[in-house]
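This report describes selected parts of one predicted model. Please keep the sequence and the structure in view while reading.

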Amino acid sequence: MHQTEDPSLAALADAFVAFREGVLVLDADDAILAFNPAFEQAWDLLGVPLVRSLTFAENLEAAAALGRAAAEAWLAHRRTAGGDASFLVPMPGGVVFRVAEYVTAGGRRQVNCRDVTAERQQELALVEKEYRYRLLVETITEGVIVLDRDRRVVFANPRFVSWYGGSDMALLGRALADLVRPDGRAALAPLFGAAVPPPVEAALTCPDGQERFVLISATPLKGASGVRSGHFAIITDVTELRRAAERLRQSEARFRGIIENTPFGILTLDTEGRVRTVNPAFLAITGADDAAFAGADPADWLPDARPTLAELMSRDAGAATGESRLRRAADLGHARLVLSRMEGAADAWLLIVEDVTEARQMEETLRHTAKLALLGEMSASLAHEISQPLNVIRLAAESALLSLDDGDAAAIRAKFETIGAQSDRLRETIDYMQAFSRRDAGARKSFDTAAAVGAAVALMTPQCSSLGIAIGFDPPAEPLAVIGHQRQLEQVLVNLLRNAVDAIVERRTLDRERPGRIDVGLGTATGRDRRAWVEVAVADTGTGVRDADLPHLFEPFFTRKTEGLGTGLGLSISLGLITAMGGRIEAENRPEGGCRFRILLPPADRPPEPAAPPAPLAPPPAAATGEMPPMTILVADDEPLATQEIQAFLERGGHRVFTAASGRAARQALETEHVDILVTDLSMPDGDGFQLIAETSAEYPHVAIVVVTGQPLRDREALAELESGVDAVLRKPVSLRELAATLRGLA
C-alpha cells in the first residue's frame, strides 16, 4: 500500500492491506489520496502503473485497455451521480469489476473495487436464458397467457393479442372466464384442477364481436416454496380448422346428397375389384338388397364388367370408360361404365354405372327409322331388282304355256328352270331388303369390308345406271376384316352413295356436260396417329360442299338438300355407327370438283367369319320323294295356293298330307291325326308358328318340325329366335326340290 501524508489514513493501513476488495480514496477533484494492494492488483491487469500524480480520470485515459472513452465515462459519472453509486468496469481478459463509490464523513470520495466476473457471467447467463424464453413466448405461433392465482391475465404474448384484438394493456387484469362466451365458461373448470387436464375447446368473444374457437391448455406455475402462484396457458386458434371442418362436413353432405340422389349407379371397389359400397340408384336399377353387394363381384350385375374393369384398372389412367350388359330388376339392359381411382384413397376405385338401355333403344329406333327411310329413297333401285326377275318369270311362263302345244318337253323344262333361277334371284333381293330393314342385334362379328362395300354398290348400281352415273369399285385381292355389324356399314355406304347421286344430279342442272361418276375405293391407310386403318373412300363429281358447311356436315338435322330430299339425320347416324365401330369418318372437297368421304376403321384381330352358305340345290323332286317312305305330313300355312302345291307334290310322292290355314287348325289336326312331320309357316292368324312349334315340341316330341318362312334368316343370330325343337328352316320362296331334300333327310 502507498501511504499519503494524511495521518488519518495511517490508522487504516492494516485494514487496507487486509481488505479483499480494492479500495481507492479520491478527493473532490479526483486526485488519488490512497489505494490498497487489492486495488493495485486489479489495476495491474491494465498493464500500466497507477500514477499518483495524475487524477483517476487521467490514469484511466493513460491505460491503453480503457482509453479516453473510459475517462470521459468516469467524469460523466462523477458529474451525474451526485452521491453514492456503483457501476461495472470491464477489464481485459473478460474480467469485470464492480466499482462502488460513496462519500465519507470527511467529504472524501472512496472507491471500492471488487471482482465480480463470475457473478456477472451468471447474471448474463440468466439474462440470456430469460431472453430466449421471452423470445420463444413472443414469437411462438400459439397464443400464450399467464394467469395469477385469481385466474386473471398478467401477461399475454403478441400472438394472442394479434388475433384476439385490442391491446395487451386492455387484457391485463381481466379474468379468463370474461374472455370466453358465457355458455362455455363452465368447461374451463377442469383446467385448474389438481391434475394436468386435456385441452378444453372454448369460444372467445373478441372486442370486435367476432368469435374465435380455441383450444386452451393450462399448466400450474409454482414458486420456490412449491406453492401454486398461477397458471401458464397455451391458446391454440382452431377457428379456421373448425371452419374447414364445417366446410368439409357440408361438402360431404352435398357429396352424399349427390351420391344418394343421382340417377347413376355409383359403386366403390377395392383393389381386387370387389364392391365396398353402393348407392341407392344402383340398388333401384338392379332391384337387389344392399347386403347383397358387400364384397360382391360387380360382374354379378354387369356380366361383361370383369374383363372391362380389369383392363381399365391396369391402365390406371385417371379415368377410363367401358360398356357392359346390365342385369336390371326386370330385364337385361345396357350400361356405360366410368372407372376412376378415388382421390386420396390409393386402394379404392369409383365405378359410375349409367343405365343407357332406353337411350340405346332410342338410338336403335332412330337408326332403324333412318334405314327404312333409306329403303324408301332406294325404291327405284329396289323396284328394278324386283321387276327384272318378275318380268323374266312372266315371259318364261307364257313361253312354257305356248310350248305345251308343241309338245316340246325339253323346251318346257328349260323354261321352268329359268323360272326357278329367277325365283332364286328374286328371293335374294327380298331377303336382302328384309335383312337390311331389320334391327341390328347380337354380338359384333369380324367381316370382310369388301362384302359390305360390294353389297352397297350392287344395290345402288341400277339407279346409277338409270341416271347415267358410272359407279366403280375394284375389290382388293385379300379380305380386309373389321369388327362390327356388316349391315350397319352397308347402311353408311348406301347413305353416302345416295348423297353422291343427289349431288351429281344437282350439279347437272348447272353443267349438263360434266360426266357423273362415283368411285368407291377400299384399301389400307396410315392415319395421323401412325396406326394402320382399313380405309373406304367414296368420291363423286357432284357439287361438293361449301367450306363453311364442312364442320357441320355430321350434325343432326343439318342438310343442304332441297326440302323433301333429306332429313338431315343420315350423316349424323353414319357418324354414330362408324364411331361405335371404333373408327372415324371425314369429308373434304376434291380439287377437281365434287366431294370425297373417307371412312377409317380399325382392322380386326381375326379373319372374317364365313357367311352362311346358300342352300344347296336339291335333287329333282321325283328322286327326292321316291326314296322316302310314306309319311303323314301336316302343312300349316295361311296361303292356300302354296299349301295346295305342296300338298299335291307330296301326295305324288306317296305321302298322306293334311293342311291347316291357322295355328289353331294345325293343333286340332295334331290332336286327331298321327303326324310324322310338321311343315309350318311362322306368321299365321289365330295362333302363330312360334306358339305352334313350342306346343308341338312339348306335347308331340316325335314330330319333326320344318319351318318355311319369309323372314330373313341369313344371319345366324336370327335362328336363335326360334325354339330349340325346330329341325330345319327353309326360306320363301321355297323350292319343291329343296323341300323334298329336307324331308328326305328327316325320314
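## A pair of packed helices

A crossing of two helices is called right-handed if the near helix is turned clockwise from the far one by less than a right angle, and left-handed if it is turned anticlockwise. In this predicted model, helix α20 passes helix α21 in a right-handed crossing. The residues that make the contact are G663, A666, R667 and L670 on α20, together with Q691, L692, E695 and T696 on α21; by class, three of these are nonpolar, three polar and two charged.

The axes of α20, which spans residues 663-672, and α21, which spans residues 689-699, come within 9 Å of each other and cross at roughly 20 degrees. Because angles under 35 degrees count as roughly parallel, α20 is described as roughly parallel to α21.

## An open sheet and a helix across it

Five strands form an open sheet in the order β7-β6-β10-β9-β8, with antiparallel pairing. The edges are taken by β7 (153-156) and β8 (200-205), each of which has a single partner strand, so one side of each is left without a neighbour in the sheet. From one strand to the next, the twist averages 35 degrees.

At the β8 edge, β8 pairs with strand β9 (residues 211-222) in the antiparallel sense over six bridges, and V200 stands opposite I216 in β9. Helix α9 (residues 239-261) lies across β8, β9 and β10 (228-237), and runs at about 135 degrees to β9.

## Annotated regions

An unreviewed UniProt entry lists residues 129-188 and 251-287 under "domain: PAS". In the model, residues 251-287 are 49% helix and 27% strand, and their end C-alpha atoms lie 29 Å apart.

Note on methods:
Residues are numbered from 1 along each chain as its sequence is written. This is a predicted model: local features need pLDDT of at least 70, side-chain atom pairs count only at pLDDT 80 or more; totals for chains, interfaces and linings use all residues. Side-chain values use heavy atoms; hydrogens and water are left out. Axes are lines fitted to C-alpha atoms, for helices over the stretch in contact, and angles run from 0 to 180 degrees between N-to-C directions. Helices (H or I, at least four residues) and strands (E, at least two) are DSSP runs, numbered from the N terminus. Angles under 35 degrees count as roughly parallel, over 145 as roughly antiparallel, 65 to 115 as roughly perpendicular and the rest as oblique. Contact means heavy atoms within 4.5 Å. Ala, Val, Leu, Ile, Met, Phe, Trp, Tyr, Cys and Pro count as nonpolar, Asp, Glu, Lys and Arg as charged, and the others, Gly among them, as polar. UniProt positions are given in the numbering used here, feature names are shortened, and annotations may be inferred rather than shown by experiment. Two strands pair if DSSP finds at least two bridges between them.
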